Amino acid sequence: MLRLPCQPRHNLDAIAAHYGFNFHTINNEIYWDESRAYRFTLNQIEQNIEEPTVELHQMCLDLVDRVAGDEALLDLLEIPQLYWETIAESWRRREPSLYGRMDFVWGGQGPVKLLEYNADTPTSLYEAAFFQWQWLVDVAGSGGIPRGADQFNAIQEKLIQRLALWRNENPFYLCCCRDSVEDRGTVLYLEDCAIQAGLDTRFIYMEDIGLGTAGVLTDLNDNVIKQAFKLYPWEWMLRDDYGPVLRHGRERWVEPIWKTILSNKGILPLLWRWHRGHPNLLPAYFASEVDNPGWRLEEEMGSAWQGFVCKPMFSREGANITMFSDRNGELQLVSAPGEYGDGSVIYQASALLPRFGDDYTLVGSWLVGDEAAGISIREDNSLITRDTSRFVPHFIA
């Protein structure tokens, strides 16, 4: 795994505009950064990323199977009791999921370490699935990228195949909130994939979904919504005014409601509890475990610990994460602001992101259905990766 300098395409702004990539800069700062690229070998991709991704995903599905029927565990994950039976029934029916992204610490050697699983509403999908592939097509053979270079990226192909599961006589709605250019771009991209899969698509903002007289969700023309993709977290949906309507299971949601279990950082201590010592996991604990008398941080986190991270159970995009890193025998604090500071937290052993130049690098491993489908790379000058962290393409050579 190497980071190599590259020559950006001279007409990048025009290319981004042509393909509707309207957030390749954010707040006048570079978000899509093709002045460098990460080089992998095929062996690194297959053995160090792809295989652990599939194994960890299966461990997560096993976790859902244990949690869905266990009231104590559902309560531990702070999932509202009102929806426990609905979640269990969704899992019993094995309602299909579409996609997710695991975030790994990895610098090219040793096993990847799972930081978290974005199993419900992962973004950076468009740039991972389409725009970085278009970059490879444009620059292979020039700008430092060898001719014949490949990319671990079957995301779009697998999305189209997977979306065919929702192809029926009912319109397929796609939803996101207003006032987010990135979310709207992601949903537009998924709508294009859905059309290619043969679905009859409709778009609606989450704020425009209504409640019909029969207790069903409707669009602006009072048509009943029977199946929909939502770029909107389940933990928000369950606490919205219309949340109780979801108990009836009248709609097929993408992602399905059983993903409520996986879109929760509480799965990290559960994974560690049931797979303690697994090479791709970091020690992790609930706050209630840490608060117990006799709990010893360094003993539990391991002899080679580099510090620990405090994560809100439901935080997103790095918000309200606090990292206590041990460097040269001194504990240093790094934190990110956000709107999730009042909830419960979990503690995870710190595995510091590898540093390339002045930047810290995070590897995102994408799944479509149950299959590993591709990777994305994010960079930041902070150890905490946020929604504005730069996206850098990769290639295999």
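**Reading the labels against their rules**

Guide: Let us begin with strand β11 (residues 227–230), where Gln227 and Phe229 point one way, Ala228 and Lys230 point the other way, and all are buried. This is a predicted model, in which local features need pLDDT of at least 70 and side-chain atom pairs count only at pLDDT 80 or more, while totals for chains, interfaces and linings use all residues. Residues are numbered from 1 along each chain as its sequence is written, and side-chain values use heavy atoms, with hydrogens and water left out.

Visitor: What makes β11 a partner of other strands?

Guide: Two strands pair if DSSP finds at least two bridges between them, strands themselves being DSSP runs of E with at least two residues, and helices runs of H or I with at least four, numbered from the N terminus. Strand β7 (residues 172–176) is joined to β11 by three bridges and runs parallel to it, with Cys175 having Lys230 as its bridge partner in β11. Strand β12 (residues 252–254) also pairs with β11 in the parallel sense over three bridges, and here Gln227 stands opposite Arg252.

Visitor: Why are β1 and β22 said to stand at the edges of their sheet?

Guide: The sheet in question is open, has three strands in the order β1-β4-β22, and shows mixed pairing. β1 (2–5) and β22 (394–396) each have a single partner strand, so one side of each is left without a neighbour in the sheet. From one strand to the next the twist averages 35°. β1 pairs with strand β4 (residues 36–40) in the antiparallel sense over four bridges, and Pro5 faces Arg36 of β4 there.

Visitor: What makes α5 mostly covered?

Guide: Twelve of its 15 residues are buried, a word that means under 20% relative accessible area, with exposed meaning over 50% and partly exposed lying in between (1.4 Å probe, protein chains only). Among the buried residues of α5 are Tyr126, Phe130, Phe131 and Trp135.

Visitor: Which span and which bend are found in α2?

Guide: Helix α2 (residues 42–67) has 26 residues and reaches 36 Å from its first C-alpha to its last, close to the 38 Å expected. α2 bends by about 30° at Glu50, and the proline Pro52 follows within four residues.

Visitor: Why is the pair of Tyr19 and Phe130 given its particular name?

Guide: Rings of Phe, Tyr and Trp (its six-membered ring) pair if their centres lie within 6.5 Å, and planes under 30 degrees apart count as stacked, over 60 as edge-to-face and the rest as tilted. By this rule there are 21 aromatic pairs. The centres of Tyr19 and Phe130 are 5.1 Å apart and their planes stand at 65°, so the pair is edge-to-face. Tyr19 lies in the loop between α1 (12–18) and β2 (25–26) and Phe130 in helix α5, so the pair ties together parts that are 111 residues apart in sequence. Tyr19 itself, at 29% relative accessibility, counts as partly exposed.

Visitor: What makes the pair of Phe23 and Tyr31 tilted?

Guide: Phe23 and Tyr31 are 6.2 Å apart centre to centre with 40° between the planes, and the pair is thus tilted. Phe23 is buried, at a relative accessible area of 4%, and Tyr31 is buried too, at 1%. Both rings belong to one aromatic cluster, whose members include Tyr19, Phe130 and Phe391.

Note on methods. Expected span 1.5 Å × (residues − 1). Bend = angle between axes of the 7 residues up to and from the residue. Axes fitted to C-alpha atoms, helices over the stretch in contact; angles between N-to-C directions.
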